[in-house]
Amino acid sequence: MADTQQVDANAERKAARLAKQISTFAKAHGGAEGQVAYIGERGARIALVGEDGEWGNLVAPTYDIARQAVAKSGITVHEDFDGEFAAKVKTGRYEWKRMAGIQIGG
């Protein structure tokens with residue numbers, strides 16, 4: 001029983017820490033929306049897009065912790081990173097150069 005409580009306490013702390021990071025990102029960018037994606041053994045990726053188009057990612061150790069974190073932060077969560085959501089991302093010169101380099105073998 002004690003092991004379960006310890007795991008739950010650790011998960012709760014990790015979710016709270018991630019929620020704080022999400023909230024900080026949202027405040028810095030005029031609000032934010034996100035999407036949680038399972039990435040295998042590494043856990044889950046929380047993709048964030050600010051109202052100003054800036055974006056970032058966080059990685060949670062589990063999908064459940066990621067879902068708890070976005071729920072605590074109060075941001076809008078999308079089921080998919082679909083075209084409408086992706087269109088909100090502002091890409092800069094670096095991203096375009098990097099994408100072009102991938103296409104031509106760079």
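**A loop and its surroundings**

Author: The accessible surface of the chain comes to about 7200 Å², with 53% of that surface belonging to carbon and sulfur atoms; such areas come from the Shrake-Rupley method with a 1.4 Å probe, and for residues only the protein chains shown count as cover. This is a predicted model, in which local features need pLDDT of at least 70 and side-chain atom pairs count only at pLDDT 80 or more, while totals for chains, interfaces and linings use all residues. Residues are numbered from 1 along each chain as its sequence is written, and side-chain values use heavy atoms, with hydrogens and water left out.

The chain has four helices and four strands, arranged along the sequence as α-β-β-β-α-β-α-α; helices (H or I, at least four residues) and strands (E, at least two) are DSSP runs, numbered from the N terminus. The part to look at is the loop between helix H1 (2-28) and strand E1 (32-38), where His29 lies. His29 counts as buried because its relative accessible area is 19%, given that buried means under 20%, exposed over 50% and partly exposed in between (1.4 Å probe, protein chains only). Leaving aside residues up to four places away in sequence, His29 touches Gly50, Glu51, Asp52 and Glu54, a contact being heavy atoms within 4.5 Å. Across the chain, 54% of the contacts with a separation of 6 or more are between residues 24 or more positions apart, and 31% of the 106 residues count as buried.
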